[in-house]
There are 2 protein chains.
Amino acid sequence: MPHSSATGSLDSSQEGLCSERHAASLATAGPLAVTEAQRMAEFLNVLADPTRLRLISLLAAEEYCVCDLASNLGMTDSAISHQLRALRAARLVTYRKVGRQVFYQLHDHHVLELYQTVREHLNEES
Amino acid sequence: MPHSSATGSLDSSQEGLCSERHAASLATAGPLAVTEAQRMAEFLNVLADPTRLRLISLLAAEEYCVCDLASNLGMTDSAISHQLRALRAARLVTYRKVGRQVFYQLHDHHVLELYQTVREHLNEES
DNA sequence: CAAATACATGAACACATGCTCATGCATTTG
DNA sequence: CAAATGCATGAGCATGTGTTCATGTATTTG
């Protein structure tokens with residue numbers, strides 16, 4: 001058996017036996033189950049698009065209607081509307097209708113924080 | 001002109017005039033340029049895959065050789081090797097060769113932190 | 001040295017994705 | 001009411017992605 005028998009180290013309680021860790025770590029420790037990995041990937045995929053990231057960067061400052069988002073990004077209303085649909089489905093944005101305009105904004109601070117975290121991480125290294 | 005003239009609010013220095021903000025915010029404020037959005041999307045795309053996320057979740061605990069990663073995920077060595085190639089290209093993992101085995105580990109704490117941040121965010125809401 | 005092992009890699013295929021174009025719907029305006 | 005505006009949506013197409021399969025390379029073993 002040439003394999004490094006990784007199963008043998010499952011008992012390793014890494015760094016002493018500290019059974020008191022905050023809830024977040026408890027829920028997010030260990031290998032990812034397939035279903036959770038899929039949900040996580042689905043969510044990240046929504047963020048992993050240049051157009052949607054630029055939309056989020058705009059909405060991070062203030063709310064915009066669709067056509068203003070489109071003109072800011074130099075794209076068609078249709079393209080933007082399609083992407084906003086994806087952002088809505090992922091619950092990353094909300095909207096309110098005013099007359100025939102629809103104003104979008106980030107769903108909550110959660111989205112902004114995650115976006116900024118990733119952006120900062122990329123601006124730090126290499 | 002029906003548009004909500006978003007250009008008129010470019011001067012808004014949001015929340016009083018505070019010219020003293022930490023470096024991270026300074027570098028990551030304002031709308032994303034196309035090139036930066038692309039780089040950010042490229043990076044996120046590497047994370048946005050169930051297989052690669054599961055690989056990262058395993059490597060978060062300890063280093064693994066390719067075939068152990070494969071057997072843990074119930075996938076072929078080839079599929080895993082291809083995905084590890086992507087993780088290497090994105091500088092998310094490093095490796096060391098021991099005999100004919102290759103042991104992979106996360107590149108640095110940076111990767112682990114970002115991964116855990118996203119995972120926790122998803123476990124919190126809705 | 002020959003066979004086996006651990007891994008890497010290119011080609012190919014199925015599938016997903018983002019845009020454009022055409023169209024539809026709701027609201028406002030003349 | 002009719003035309004125009006702002007936005008949503010489905011179809012279609014070009015492009016990208018993840019896996020399998022076949023093959024190649026380096027190392028170990030008999």
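**Cysteines and helix H4 in chain B**

Cys67(B) is buried, with a relative accessible area of 17% (buried is under 20%, exposed over 50%, partly exposed in between, using a 1.4 Å probe and protein chains only). This is a predicted model, so local features need pLDDT of at least 70 and side-chain atom pairs count only at pLDDT 80 or more, while totals for chains, interfaces and linings use all residues. Residues are numbered from 1 along each chain as its sequence is written, chains are lettered from A and ligands numbered from 1 in the order written, and side-chain values use heavy atoms, leaving out hydrogens and water.

Cys67(B) is in none, and its nearest cysteine sulfur, on Cys65(B), sits 3.6 Å away. Cys65(B) is buried too, at a relative accessible area of 1%.

Cys67(B) belongs to the buried set of H4(B), along with Val66(B), Asp68(B), Leu69(B), Ala70(B) and Leu73(B). That makes 6 buried residues out of 8 in this helix, residues 66-73, which is mostly covered. Helices (H or I, at least four residues) and strands (E, at least two) are DSSP runs, numbered from the N terminus. The buried residues pack against H3 (50-59), S1 (64-65), H5 (77-89) and S3 (101-106) of chain B. Just past the helix, Gly74(B) takes a positive phi of about 65°.

Notes: A disulfide is a pair of cysteine sulfur atoms within 2.5 Å. Contact means heavy atoms within 4.5 Å.
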